[in-house]
Amino acid sequence: MVENLSDKEQIELLKKWWNDYGKSILLAVFIGLGAGYGWRYYHAEKNQRLDSASKVYWKMLDSDRARLSKQANAAAGTLVLKYPKTVYATVAQFMLAKNAVQRQDYKEAIECLDWVMKHSRDALFQDMARLREARVLIQEKKNKAALALLNDIHDNAFQPVLTRIRQDAKRNT
C-alpha cells in the first residue's frame, strides 16, 4: 500500500508516524541506554569499593600478623567505618574482639561481637559471634547471660561447640 503513495504522501505518513510514536521510541531508547550505563556504573563502583576494602583488610591482617596492634586496629576501624556492609568489616570486628580478649578488655570484646550480631547479614557469622560472646561472658562469670545467648543459635553445625560451652557455663555456676 505504501508503494502506491507519492513521495510527498510517504513523507506526510512518516511525519504522522513520528508524531505518534517517534518521541516515545526515542525516550525508551534513552531510558534503556541510561539504565544500562547506570547499571554498569553501579557495579563498577561496587567492585571498586570492595577492592579498596580488600586492600585495607590485607593491611589489617599483615599488621596483626606482625603484632603491630595499633596499625591493625586502625585498619579494622577503617573497615568498620568506611565499609560496614562488607564481610571485611565483620571479620575486622572478630579480630578486634580477639585483641580485646587478649588484653582482658571484655567489655570491648562484647561490643565488637554485638556489632557482628546486629550488622552482619550472614547468620553463620552471627552465630559465631554468639558463641564467642558466650565464652567471654563465662570468663566474666556471667553464666546465665551466656546460656541465654546460646539459646539463639540455630545452626546444627555448631552443636558440638554449643554443648561444650553450655557445659562450661553450667560447671562455673
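Which helix supplies the largest share of the lining of the second largest pocket? In this predicted model, that share comes from H5, with five residues.

Two packed helices are described by the angle between their axes and the distance between the axes. For helix H4 (residues 106–119) and helix H5 (residues 123–139), the axes come within 8 Å and cross at roughly 160°. An angle over 145 degrees counts as roughly antiparallel, and H4 and H5 are therefore roughly antiparallel to each other. The crossing in which H4 passes H5 is left-handed. On the H4 side, the contact is made by Tyr106, Ala109, Ile110, Leu113, Asp114, Val116 and Met117. H5 contributes Phe125, Gln126, Ala129, Arg130, Arg132, Glu133, Val136, Leu137 and Gln139 to this contact. Sorted by class, the contact of H4 with H5 comprises 10 nonpolar, two polar and four charged residues.

Arg130, Leu131, Glu133, Ala134, Leu137 and Ile138 of H5 make the contact with Asn143, Ala145, Ala146, Leu149 and Leu150 of H6. By class, eight residues of the contact of H5 with H6 are nonpolar, one is polar and two are charged. Arg130, Glu133 and Leu137 of H5 take part in the contact with H4 and also in the contact with H6.

The crossing of H6 and H7 is left-handed. In H6, Asn143, Leu147 and Leu150 meet Leu162, Ile165, Arg166, Ala169 and Lys170 of H7. The contact of H6 with H7 has five nonpolar, one polar and two charged residues. Asn143 and Leu150 of H6 belong to the contact with H7 and also to the contact with H5.

Rolling a probe the size of a water molecule over the atoms shows where empty space is left. The second largest pocket holds about 200 Å³ of space. Its lining consists of Phe94, Ala97, Lys98, Val101, Tyr106, Leu113, Arg132, Arg135, Val136, Ile138 and Gln139. Helix H3 (87–102), H4 and H5 each supply at least two residues of this lining. Seven of the lining residues are nonpolar, one is polar and three are charged. Tyr106, Leu113, Arg132, Val136 and Gln139, which line the second largest pocket, are also among the residues in the contact of H4 with H5.

The largest pocket has a volume of about 280 Å³. Tyr42, Glu45, Lys46, Arg49, Leu50, Tyr83, Pro84, Lys85, Thr86 and Arg121 form its lining. By class, the lining of the largest pocket has four nonpolar, one polar and five charged residues.

Key: Residues numbered from 1 in each chain as written. Predicted model: local features only at pLDDT ≥ 70, side-chain atom pairs only at ≥ 80, totals over all residues. Heavy atoms only, no water. Axes fitted to C-alpha atoms, helices over the stretch in contact; angles between N-to-C directions. Helix = DSSP H or I, 4+ residues; strand = E, 2+ residues; numbered from the N terminus. Parallel < 35°, antiparallel > 145°, perpendicular 65-115°, else oblique. Left-handed = near helix turned anticlockwise from the far one by under 90°. Contact = heavy atoms within 4.5 Å. Nonpolar A, V, L, I, M, F, W, Y, C, P; charged D, E, K, R; others polar. 1 Å grid on protein atoms, 1.4 Å probe; cavity = no way out; pocket = protein on both sides within 12 Å on 5 of 7 lines; lining within 4 Å. Points joined across faces, edges and corners; volume = space filled by probe spheres on them.
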